[in-house]
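Me: Hi! I'd like to talk through this structure with you, a bit at a time. Ready when you are.

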Amino acid sequence: WKATLGSAAGMGFYQVFFFAALLKTGVAVGTMITIGSAPIIAGILGKVLFHEQIERKWYLATFLAVVGCILLAWPSGEFGIELTGVLLALGAGSSWALSGSCMKMLPGSRSSIEKAGIMLLLGSLIISPVLLLRDLSWFLSLRGVLVVSHLSLMATALPYVLFALGIVRIKVSTAYTLTLSEPLTASCLGIFLLGEDLTGPVLTGIMLIFAGLLILSVRGRRPE
């Protein structure tokens, strides 16, 4: 029950903290702090909860990837610091790291679909009172149904099932550093599909994130 409630609470509060942070700091800074802090916090949780040994290459890979995320956000020019927003973004990163760590603690007899389903369902129930404060008439339109269907199935259910499959096989710290491929993918899609400019900082950020992920993914030689 502790692992179940922990994963659900982490997912629910992640949503609240993250979007509140975006309103305070802007999209670039809020996303950068959230995504950048999650692997570091996950590394600490992995060491405390699972006694995971953090390899030297994790520090280098995480550093490169976090710097790359900062460079991807650089062109927006939204680097004004708002303390409340920063704390909310750190809360979002901590909640996200807690969610996956608790998911790893769920019984191995449960499938990844069950684990992701429980986490998302209970997490949604935690923040469902927010629905009472919003106008949901847009949901009844065709566009609203299509958007919600895409967000729920392709952008939420499928990724979290894959995440649940992966996190039971590798270290928590490694899993969260690999999730930094998200801003890398977003930037590439923006450039190739939306025609966004490939500036120097963006190109450097892409290369740094890719280098960090490559370093983390290469398995070292085992002593004979």
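Predicted model: local features only at pLDDT ≥ 70, side-chain atom pairs only at ≥ 80, totals over all residues.

Me: Which helix is L122 found in?
Reply: L122 is found in helix α5.

Me: And what is L122 in contact with, leaving aside neighbours within four places in sequence?
Reply: With that set aside, L122 is in contact with T4 and A8. There is also A9 to mention: L122 and A9 are 113 residues apart in sequence, yet their C-alpha atoms are 7.8 Å apart in space.

Me: Tell me about T4 then. Where does it lie, and is it buried or exposed?
Reply: T4 lies in helix α1. T4 is buried, since its relative accessible area is 16% and the cut-off for buried is under 20%.

Me: What does T4 touch, not counting residues up to four places away?
Reply: T4 touches L106, I118 and L122.

Me: Nice. Changing topic: which residues touch the most other members of the largest nonpolar core?
Reply: Those are M11, W96, M103, Y160, F163 and Y176, in a core of 24 residues. Two or more residues come from each of α1 (2-25), α2 (27-50), α4 (83-105), α5 (112-127), α6 (142-167) and α7 (172-178).

Me: What is M11 in contact with, beyond its neighbours within four places in sequence?
Reply: M11 is in contact with W96, S99, M119, L120 and Y160.

Me: What other core lies apart from that one?
Reply: Another core, of 12 residues, lies apart from the largest one, and its members include C69, L72, L184 and L213.

Me: On to helix packing. At what angle do α4 and α6 pack?
Reply: The angle between α4 and α6 is about 60°, and their axes are 9 Å apart. The two helices are therefore oblique to each other.

Me: What's the handedness of that crossing, and which residues make the contact?
Reply: α4 and α6 cross in a right-handed way. From α4 the contact uses W96, G100, S101, M103 and K104, while α6 brings Y160, F163, A164 and I167. By class, the residues divide into 6 nonpolar, 2 polar and 1 charged.

Me: How about α1 and α2: what are their angle and axis distance?
Reply: α1 and α2 pack at about 140° with their axes 7 Å apart. That pair is therefore oblique too, because an angle has to be over 145 degrees to count as roughly antiparallel. The crossing of α1 and α2 is right-handed.

Me: Which residues meet there?
Reply: On the α1 side you have Y14, F18, L22 and T25, and they meet V27, V29, G30, T31 and T34 in α2. The contact of α1 with α2 has 5 nonpolar and 4 polar residues, with no charged ones.

Me: And α3 with α9, at what angle do those axes cross?
Reply: Helix α3 (residues 56-73) and helix α9 (residues 200-217) cross at roughly 160°, and their axes come within 7 Å. That makes α3 roughly antiparallel to α9. The crossing of α3 past α9 is left-handed.

Me: Who makes the contact there?
Reply: On α3, the residues are K57, W58, L60, A61, L64, A65, V67, G68, C69, L71 and L72. On α9, they are P201, V202, T204, G205, I206, L208, I209, A211, G212, I215 and L216. Sorted by class, that contact has 17 nonpolar, 4 polar and 1 charged residues.

Me: Quick one on loops: where is H51 found, and what is its phi near?
Reply: H51 is found in the loop between α2 and α3. The phi of H51 is near 55°, a positive value in a residue other than glycine. H51 is also exposed, with a relative accessible area of 64%.

Me: Last one: is R143 buried or exposed?
Reply: R143 is exposed, with a relative accessible area of 69%, and it lies in helix α6. R143 and L88 are 55 residues apart in sequence, and their C-alpha atoms are 31 Å apart in space.

Notes: Residues numbered from 1 in each chain as written. Heavy atoms only, no water. Axes fitted to C-alpha atoms, helices over the stretch in contact; angles between N-to-C directions. Helix = DSSP H or I, 4+ residues; strand = E, 2+ residues; numbered from the N terminus. Parallel < 35°, antiparallel > 145°, perpendicular 65-115°, else oblique. Left-handed = near helix turned anticlockwise from the far one by under 90°. Contact = heavy atoms within 4.5 Å. Nonpolar A, V, L, I, M, F, W, Y, C, P; charged D, E, K, R; others polar. Core = buried A, V, L, I, M, F, W, Y, C linked by side-chain atoms within 4.5 Å. Buried < 20%, exposed > 50% of the residue type's maximum accessible area, 1.4 Å probe, protein only.
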